[in-house]
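Subject: Model handover

Hello,

Here is the structure we talked about. Please look it over, then read the notes below.

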Amino acid sequence: MPADIPAAPTPAAKKPAHPRFAVGVLAFCGVVVAVMQTIVVPLLPHIPALTGASPAAASWLVTVTLLTGAVFTPVLGRVGDMYGKRRVLVASLGVLVAGSVLCAVSSHIGVLITGRALQGAALAVLPLGISILRDELPPERVLSAVALMSSTLGIGAAVGLPVAALVVENFDWHTMFWVSGVIGVVDIVLVLWCVPESPLRTRGRFDVLGALGLSGALVCLLLAVTQGAGWGWTSARTLGLLVAAVVVALCWGRYELRVASPMVDLRISARPAVLLTNVAALLIGFAFYANSLVTAQMVQEPKETGYGLGASLVVSGLCLLPGGVMMVALSPVSARISGKYGPKVSLALAAGVIAAGYVVRYFTSHNLWLIIAGATVVASGTAIAYSALPALVMRGVPVSETGSANGLNTLMRSIGQAFCSATVAAVLAGLTFRVGGRTAPTLHAYQLVFLVAGGAAFLALLVTLFLPGGRTRAAGTVEGNRDVPGDRKDGVRTTPIQEST
């Protein structure tokens, strides 16, 4: 069944006052949303004492954002393609503000989990922002803008941990949620002021059953992955959820192949250019997340372990900050590499850099500055990868599918992070020893994490090598595509069907 035929452009809406600032505003939105995903990590050890909740309940403050982010990212990307990307982006930011306020006004674990669920739904801002940039910018600016927008996930994660650590150590913990709520409101005002609404729309009805089926399969899968360590990997609950995920996914896939306007066009997603890009995104997400998960914990381990540095919460968070700076600096570099040699080359280079970074980390686990250097190398590779992935996605899908396709690619990164979190937890809990009256992971446990993450990056490199060729022209288009994003007729952007390379 062919992909949806784009509808004729809607009448041009009133242009915002300062559209030239749209790239910066959208990138800022991406950073804020990414920060929201990580700010509770330094707070987790203190949540039981602050709220009276069990450690298992406290872990849901992270798990629930992963679940809602995974569910709403592809769904809202599709909604944006059909009903207006800026409109849905503003609604997503509004949901983030509502979640922040809920967390700020209560210490009850149920309310906090609900607020965090709302914050997770705002992850859809990333694919929506990429879609707006593709629709609105002249072709020569698309690659660099999309590279910056995509890298905000890593930038926000690197910035969020030290900022949250500073708040936890110096202020009431509710403060960070009040601040995030205020920044969310500022984001909404800036988007309405600077970001135009794309006139592009996709014809067809919204696929409600497809959205429910995708959501059901993702919830079953991610619940099993994130809670398997606590429930037991062979427990009836974990295995039942995994079986349910497979069954629901198969039924969903069969339905999507038959419906006229599917939630996810599986025929497009099965093209090698799209399928292999999504597999690479999952592996890159896995490799990147290990860097964030273990760095802070490792340097906080007591010196009695023989490898720990006994660093404070703030210092451990600051170890990731140079990586965030490099992600900002390297996003335009990645765009230039993609423009000259193609995003396939950029992604292969990125995977190689990440793998090399973990080699550095394996052999430099006793010195703070070398740990920071290794973490920064991994972050640098991630910056290049996250900038190249949307370019590869856009090369393989029609213009009318940009939001949903990038939403699916972002989802694959999130699934990779979920598998990484489960793997890291299992390794660190399985290889321990007693020191100073407490149980701590062995140095070998951390080194094993580095090996596994480096292996994931190497697999991403191999997958990238099998991607179809095709070099991105300097103008921001892809050889072999019939459409040129940004073409206009009579002042209105057109929406011709695009074929993959």
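In which helix is leucine 459 found? Leucine 459 sits in helix α18, residues 443-465. Helices are DSSP runs of H or I with at least four residues, strands are E runs of at least two, and both are numbered from the N terminus.

This is a predicted model: local features need pLDDT of at least 70, side-chain atom pairs count only at pLDDT 80 or more, and totals for chains, interfaces and linings use all residues. Residues are numbered from 1 along each chain as its sequence is written, and side-chain values use heavy atoms, with hydrogens and water left out.

Confidence next. The chain averages a pLDDT (the predictor's confidence in each residue, from 0 to 100) of 81, and 89% of the residues score at least 70. Residues 1-13 are below 50, with 36 contacts (heavy atoms within 4.5 Å) beyond near neighbours in sequence. Residues 471-501 are also below 50, with 75 such contacts. Where pLDDT is low, the predicted coordinates should not be read in detail.

Now the fold. The chain has 18 helices and 4 strands. Of its 501 residues, 59% are buried, meaning under 20% relative accessible area; exposed is over 50%, and partly exposed lies in between (1.4 Å probe, protein chains only). Among contacts with a separation of 6 or more, 80% join residues 24 or more positions apart.

Back to leucine 459. Its relative accessible area is 45%, so leucine 459 is partly exposed.

Regards
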